[in-house]
Structure formats: C-alpha cells, structure tokens
Amino acid sequence: MNKRSTGKTGSAADSRLGAVTPLRGVLNRVFPDHWSFLLGEIALYSFVVLAVTGTLLALLFDPSMEDVVYDGSYTPLQGTHMSAAYASALDISFDVRGGLLMRQMHHWAALLFMAAIVIYLLRVFFTGAFRKPRKLKWTIGLLVFWTGLVTGYTGYMMMDDGMSGTGMQILQGILLSIPVAGTWLASSIFGGEFPGDVIIGRMYLLHVLLLPGILAALMLVQIGLRLRQKPIQWPDPRRRKTAVEGERMFPRYAMQRAGLLMFVFAVIALLGGMVQVNPVWLFGPARAADVSALSQPAWYVMFLDGAVRLMPPWELTLPIGDGYAVPPIFWAAVVLPGLLFAVPMAYPFIEARVRRDNREHHLLVRPRDAPTRTALGAMAVTFYLVLTIAGAGDVIALTFNISTNAMTWAGRLGLLLLPPLAYWITHRICLGLQQHDRQVLAHGVETGIIRRLPHGGFTEIHQPLATPDHNGHTDLRYAGRAVPKKMNQLGALAPAVRGFLKPIEGPADLGPGVEADEPHRQHRDAA
Ligand code: HEM
C-alpha cells in the first residue's frame with residue numbers, strides 16, 4: 001500500500017470511528033519538563049505496582065476469622081491457635097515461593113505511594129498550583145491521600161497479627177467515643193461484640209475492591225484533567241505567555257515515562273527483596289485482650305496516633321440526664337481529623353476570597369514570592385511533624401531513656417509553640433530571599449574580588465546582569481524566577497541543566513536569537 005492510500009484509509013477510518021483526531025491531539029500534547037512534575041507520576045506508578053502485587057496476594061490470602069491451628073513452616077508458632085487470615089499471611093511469607101517478596105513489595109509500594117502523594121501535595125501547595133482553574137485537582141489529590149490512608153490501614157488490619165489487633169482496638173475506641181451514634185456504629189461495624197468474626201472479611205472487601213476502585217477513579221479523573229487543562233509551568237520571561245515549553249507526549253515523553261515506571265518498579269522490587277517490612281510472624285496472632293508495647297502504625301497514620309497520645313484527659317460532661325460524657329479521644333481522633341480534612345480542602349477557596357483573586361493562573365509561583373502562603377504551609381507541616389513524632393513517643397522515650405511523660409509534655413508544648421514559630425521564621429526567610437534576588441538584579445552578582453579604594457576602604461566588585469546606569473545600578477524587573485547568585489551561573493538565567501541528571505538541550509537551544517558563545521548577552525536578553 002503506498003503512502004497516499006494509507007493516508008486515505010486513515011482518513012476513512014477517522015471519518016467513521018473519529019478516533020485519529022483526538023489521539024493525534026493527545027500524542028502531540030506538550031508536557032513541561034521539570035523534575036517536580038514527576039511526583040504525581042511516581043504515585044501513579046506505585047499504584048500500578050500495588051494493584052499488580054495486591055491482585056497476586058488476593059489469590060493466596062484467606063480473609064477469614066475462622067480459628068485454625070497453625071502447622072506451617074514457621075516453627076515458633078506451630079500449634080498456635082490463630083485466624084485463617086493470619087495463618088494465610090504466614091503461609092504467603094514462608095511457604096509460597098516469592099510470597100514474602102510479593103508481600104514486602106506490596107507494603108513498600110504502599111509506603112512509597114503515600115510518600116509520593118504527600119510530596120506531590122506539598123509541591124502543589126507551595127507553588128500555588130491549586131489556584132483557579134486547578135482547585136478540583138487539589139481536592140482530588142487530598143481525597144487520594146485520605147483514601148490511601150484508609151486503604152493502607154485496612155491492609156494492615158486484615159493481616160490479623162498482634163499489631164493489627166492493637167489497631168483494631170484503637171478503631172473500636174474511636175468509634176465508641178462518638179457521641180450518640182458511637183455504640184451503634186461499633187457494634188454494626190464489628191458485627192456485635194468486639195472483635196467478632198466478620199471484621200476481617202469486611203476490611204478485605206474494602207481493601208481489595210471498594211477503596212482501590214475509588215483510588216483508581218480519582219486518579220483517572222486527575223489524569224483526564226491533566227490532559228484537558230493547559231499544563232502549569234514555571235515563569236520564563238523568554239517565553240510567550242501562552243506557550244507551553246516541554247516534551248511532546250510521543251515519542252520522548254512517553255518513553256521517559258515508561259522508563260520512570262520501570263525505575264519505580266525496580267526500586268520497589270529492590271526494597272521488597274532486601275529490606276524487611278512488617279514481619280507479622282514476630283507479633284503473633286491478634287488477641288482481644290493483648291496490646292503489644294511499642295506498636296507503631298505506618299508513618300502516614302502516625303500523626304493521628306500522635307494526636308491521641310498528646311490529648312490531655314479532658315472529659316466533657318454534658319448536662320443531659322445524669323451527665324453525658326464525651327471522652328477526650330473524640331476530639332483527637334474524630335474532630336481533629338475532620339478539621340485536617342476540611343481545612344486543606346477549603347484552603348484554595350479561602351485564599352482566593354482573601355486575595356480577591358478570581359483569575360485563572362497557568363504559572364507557578366516560587367514559595368518565596370508568596371510568603372504568607374509558604375509560612376502557613378510551613379506551620380501546617382510543623383504541626384503534622386510534631387504529631388508524627390509524638391506518635392513514636394514511646395519508642396523515642398525507650399531508645400533515649402527519657403520519661404514517656406516528658407515526651408508527652410514536650411509534644412504538647414511543641415504543638416502549641418513550634419507551628420507559630422515556623423510561620424514567623426519562614427515568613428522572614430521568604431522576604432530575605434526576595435530581597436537578595438532584588439539586590440542581585442540591582443547590583444549584580446558578587447564576584448568575590450575585593451578592591452581597595454584610594455582612601456583605604458574595601459569594596460567587593462559586582463558583575464552587573466545588564467548594562468548599569470551612571471550610578472552602577474541595573475533596572476531589571478523582578479520576574480519571580482531564579483536569579484544567578486554565583487559567577488559560574490552567569491548566562492544561565494534559564495536553568496542550565498534541564499534534565500534531571502544531564503542537560504537535555506545544549507546552550508545553542510537556549511532561545512531564539514540567543515548565540516551560544518555570548519553568555520552575557522543571553523543573560524541580558526533573558527533578564
Ligand atoms: C489496588 C488493589 C489492591 C489489592 C488487590 C490489594 C490486596 C491486598 C492483599 C490481598 C493484602 C494481604 C496481603 C498478605 O496476605 O500479605 C494486602 C495487604 C496490604 N495492602 Fe493492599 N491491595 C491493594 C491496594 C493497596 C493500596 C492502594 C494500599 C495503600 C495505600 C495497600 C496497602 C496494603 C498494606 C499496608 C497491606 C499489609 C501488607 C503486609 O504487610 O503484608 N494496598 N493488600
């Protein structure tokens with residue numbers, strides 16, 4: 001078939017199926033090339049690994065609470081009564097070839113997935129990428145975080161080992177603390193008395209069906225939005241406002257992403273094969289009466305554990321009947337997570353209202369250029385970190401031989417004092433960095449060369465970034481993007497290294513009309 005007839009067949013197929021034109025649009029789409037845009041993708045690829053390893057595990061895992069006597073190869077537990085779920089987890093670990101690798105890969109993929117989501121959310125927040133028209137993407141990102149958190153929790157709980165048993169008791173405590181509906185909720189979820197014999201099956205259904213389905217749907221919407229909306233990118237004074245600079249979807253971008261998927265898979269496989277995680281055989285089976293010391297949840301749940309540990313024993317008694325008590329855990333484990341869910345969701349709307357900014361934004365903002373937002377973010381991160389460290393309070397106390405009470409009090413004080421301090425320090429740092437950028441734009445880069453003046457004083461010679469006026473000042477506009485700070489960065493106002501590890505484009509590609517052998521002029525033009 002010659003070229004013409006292929007083209008004809010293509011057009012005929014397109015006129016009937018209408019598939020070629022949208023596909024061409026997608027393949028020709030340009031994606032900005034910056035490492036920070038990879039974070040969402042790392043989360044997506046970890047989710048692919050979770051789905052693959054999870055499906056394989058689901059073929060072997062038995063989500064039943066039926067009492068069995070263990071007779072597998074792990075001798076310390078032979079003859080022990082346990083649930084079929086825990087026994088199957090032990091079998092997967094010791095008696096199925098590659099089973100432990102699958103379990104550990106699944107677990108590491110979950111940890112990486114949550115880490116990538118958190119860092120992605122931080123990137124979106126600190127660069128202002130949540131502003132109109134991307135508010136929905138921010139909301140979906142947060143929903144992925146919370147759904148991932150519950151999925152990870154149900155994954156842990158299903159194993160029915162000693163650690164799951166502790167987590168299950170905490171869940172029961174939290175449910176019971178809810179006023180009015182608590183008792184009913186707990187007995188409905190556990191199917192009667194705690195722990196009952198249905199909870200593992202329910203967790204299993206949630207874990208392998210409902211929650212992954214919700215996660216997949218959320219991520220599909222996110223990808224759809226990414227394909228529909230204009231990509232957001234860093235400001236660059238050399239670029240036309242409407243232009244998008246980066247790689248076409250096909251072939252280079254697609255190939256790079258396939259490489260990244262392989263890399264994520266390889267890292268998870270390496271971790272799963274080399275680094276032990278959740279050794280359930282050491283914890284023994286879950287028993288309703290036992291709570292193991294030093295139980296730690298996964299890192300992404302630890303802030304909630306920390307909140308429960310730091311909450312003072314303040315019981316609120318409402319004047320209803322003989323007095324209706326609301327236990328302290330209710331505030332730390334129900335009200336606080338509710339606030340932590342709602343406030344970040346509402347933030348883009350609050351900020352838009354306070355700034356009276358209803359415009360569309362397609363450029364990112366450097367954190368220093370939005371000091372209040374950055375400082376609020378730093379305050380939130382500090383709050384989260386104090387709670388997370390408090391979640392490991394007993395382990396830290398034991399390791400460093402400190403009293404657990406001292407740890408709790410340090411956490412309480414830290415929770416009140418450190419976030420405002422982080423706000424203040426971050427705000428000052430942002431203003432300082434801005435000031436420094438403006439100084440370099442006005443006076444040039446410090447050369448490190450000191451000149452002695454005729455009257456004996458010393459001064460440092462600055463290399464101006466553009467032709468200075470008679471006062472030695474340059475009148476360059478502050479453009480909200482990187483300014484060279486060292487002599488060897490001159491001529492590199494546009495980031496010199498565009499790839500992650502090596503330059504993708506040579507200096508000749510730096511921009512239209514810019515000669516590769518005139519670094520200073522490039523720089524001036526760019527500025
Ligand atoms: C996408 C579909 C998924 C399927 C089919 C699935 C399936 C499973 C199965 C069958 C187990 C029991 C493993 C065992 O017997 O050792 C498990 C455990 C677990 N899952 Fe998933 N899962 C999925 C997604 C996720 C996600 C999205 C997360 C977290 C964000 C997650 C986190 C966990 C955790 C932490 C465990 C305990 C793992 C261990 O220590 O062995 N899973 N999952």
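Here is a short chat about some helices and the ligand shell in a predicted model.

Biologist: How do you know that the length of helix α7 agrees with its number of residues?

Modeller: Helix α7 runs over residues 162-177, which is 16 residues, and at 1.5 Å a residue these should span 22 Å. The end C-alpha atoms of α7 are 23 Å apart, so the two agree.

Biologist: What makes a residue of α7 count as buried, and which ones are?

Modeller: The cut-off is 20 or more other C-beta atoms within 10 Å of the residue's own. In α7 the buried ones include Gly162, Met163, Gln172, Ile174 and Leu175. The buried residues of α7 pack against α6, α8, α9 and α12.

Biologist: Why is α11 called roughly perpendicular to α13?

Modeller: Helices α11 (302-310) and α13 (371-391) pack at about 75 degrees, their axes 6 Å apart. Angles of 65 to 115 degrees count as roughly perpendicular, so α11 is roughly perpendicular to α13. On the α11 side the contact includes Met302, Phe303 and Leu310, and on the α13 side Tyr384, Leu387 and Ile389 are among the residues making it. By class, that contact has eight nonpolar, three polar and two charged residues.

Biologist: What surrounds the ligand?

Modeller: There are 27 residues around the ligand, and the closest are Gly54, Ala110, Gly155, Pro212 and Asn278. Elements α3, α4, α5, α6 and α9 each give two or more residues to that shell.

Biologist: How do the residues of that shell divide by class?

Modeller: The shell around the ligand has 16 nonpolar residues, ten polar and one charged. Gly counts as polar here, so Gly54 and Gly155, two of the closest residues, are polar by that rule.

How values were computed. Residues are numbered from 1 along each chain as its sequence is written. This is a predicted model: local features need pLDDT of at least 70, side-chain atom pairs count only at pLDDT 80 or more; totals for chains, interfaces and linings use all residues. Helices (H or I, at least four residues) and strands (E, at least two) are DSSP runs, numbered from the N terminus. The expected span of a helix is 1.5 Å times one less than its number of residues. A residue is buried if 20 or more other C-beta atoms lie within 10 Å of its own, exposed if 12 or fewer, and partly exposed in between; C-beta atoms are placed from the backbone. Two residues are in contact if their C-beta atoms, placed from the backbone, lie within 7 Å. Axes are lines fitted to C-alpha atoms, for helices over the stretch in contact, and angles run from 0 to 180 degrees between N-to-C directions. Angles under 35 degrees count as roughly parallel, over 145 as roughly antiparallel, 65 to 115 as roughly perpendicular and the rest as oblique. A residue is near a molecule or strand if its C-beta atom, placed from the backbone, lies within 6 Å of it.
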